[in-house]
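Here is a short briefing to read alongside the structure. Have a look at the ligand site and the domains, then compare with the notes.

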Amino acid sequence: MRIGIVGGGHAGTEAAKAARQAGADTVVVYSGEVVPPYSRPRLVALAFQQAAADELWLKPAAWYAANGIELRLATPVTGVRPATGEIEAAGVWETYDAVVLANGAAPIRPVVTGSEGALLPLWSYDQALAVRDRFQPGDTLLVLGGGILGVEAALRAAGAGLKPILVEKCPGLMPTQFTAAAGTVLRTLLEQRGVTVRTGVSLTAAMPAQAAGQWRYQLDDGSAVEARAAILSIGARPALELARHAGLPVDRGVVVTDTLLAGGRVFAAGDITQFAGSTRCSVREALGQGKVAGANAAAAAAAAGKPLQLYRYQPAPLQFAFNEIVLCSAGDPGVAGDAELETLAAPPAAYRALVRRATRLAGVQMIGTKQDFDQYVRQLASA
Ligand SMILES: Cc1cc2nc3c(=O)[nH]c(=O)nc-3n(C[C@H](O)[C@H](O)[C@H](O)COP(=O)(O)OP(=O)(O)OC[C@H]3O[C@@H](n4cnc5c(N)ncnc54)[C@H](O)[C@@H]3O)c2cc1C
């Protein structure tokens, strides 16, 4: 039984493992990258020289062959035929009994004039190296996007001796996880660590500045800042081109059933999918879906035909720690005035905000402490 996997990220690697465990004889992982599968969240540390490349690999190099998985690096897939299970790479079509599509997402690029070379995405290994090579300590760096990725990039940049300016178009930081009050506390923490925070403003244009090697970034409030470059951290979207060409059902992501079947012999997992109407970028989800998609691909391909597993979505709380900064959030982020921020301890400062709908707990946000966070998460899950 032969299973072909498109994409060697978190979902693809997990799918390969699950397919082998479910009895597949041959598992081939096609990866468009030149390096082995790596932890994408660790790219920020790599970009700011706070982690070495070999700390990123998901598995040791020998693990793939030792587990009967053929990892084909630098082999991007250019076509998939769902009805027959064929995969095209390097001009050659090969046939599989089932395929797992796990080719992830791509960073969103803002539409701004003159931005070629001024905006650096931070989504892949080579992009992290490009960021690392662009900056010297003392350089000013623009970080576009005040979500968790932008916050981490700004903190790590400050830690590396750069001068980060964080620009967020919403009025507060981490608007999809934090109430305005929690966002204000986070802003103060960032400013104390050397990050300049600009909220409620967007980038409109980028052009070379007079000083060599500098860019001038125009913001929509009429102001402008100069920096060596800007890092893009405004989100990502499923990379749908391959699925679209293959004729798979595509909306905001590849639409999958509750067994993660996309169509024909193709299952899908990870950032590429749209499950129960939603797309998500999450390692936890990629691993969970990869496991089910890999096992189901093998089960569907088995001669006798085996029952397929159902994938069940479970909301994942956010937990982030960098040096002494701890950020946690789960459930409904609430709207302004919804949640009261309590100071739990000072110093070092610790805060908690509980979002309530009538008498029910709907969300929790914590800064500076994780105390009782798991308990709140359990309460949210049972509500
Ligand atoms: C900097 C950063 C920080 C993050 N931090 C967090 C975090 O803290 N917590 C969290 O839950 N999530 C985080 N994420 C998101 C998380 O990394 C993704 O949700 C996760 O990687 C999704 O796994 P995946 O396997 O679906 O896709 P990916 O890991 O993106 O893997 C897809 C792979 O497919 C390859 N590919 C694409 N097209 C082809 C093709 N045609 N042929 C062959 N291969 C192809 C890609 O090159 C890539 O290697 C972060 C992401 C980034 C970039």
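Predicted model: local features only at pLDDT ≥ 70, side-chain atom pairs only at ≥ 80, totals over all residues.

Residues are numbered from 1 along each chain as its sequence is written.

**Domains**
- The protein splits into domain 1 (2–106 + 237–301), domain 2 (119–232) and domain 3 (318–382), with bounds from an automatic or database domain assignment.
- The centres of domain 1 and domain 2, taken over C-alpha atoms, are 31 Å apart.
- Their contact takes 12 residues from domain 1 and 13 residues from domain 2, where contact means C-beta atoms, placed from the backbone, within 7 Å.
- On the side of domain 1 that touches domain 2, α2 gives the largest share, five residues; helices are DSSP runs (H or I, at least four residues), numbered from the N terminus.

**Ligand shell**
- The ligand is surrounded by 33 residues, the closest being Gly7, Gly9, Arg40, Gly104 and Gly270; a residue is near if its C-beta atom, placed from the backbone, lies within 6 Å.
- Two or more shell residues come from each of α1 (10–21), α2 (43–47) and α8 (283–301).
- Domain 1 and domain 2 both give residues to this shell, so the ligand lies between them.

**Helix α8**
- Of the 19 residues of α8, 15 are buried, so α8 is largely enclosed by the rest of the structure; buried means 20 or more other C-beta atoms within 10 Å of the residue's own, all placed from the backbone.

Key: Contact = placed C-beta atoms within 7 Å. Buried ≥ 20, exposed ≤ 12 C-beta atoms within 10 Å, placed from the backbone.
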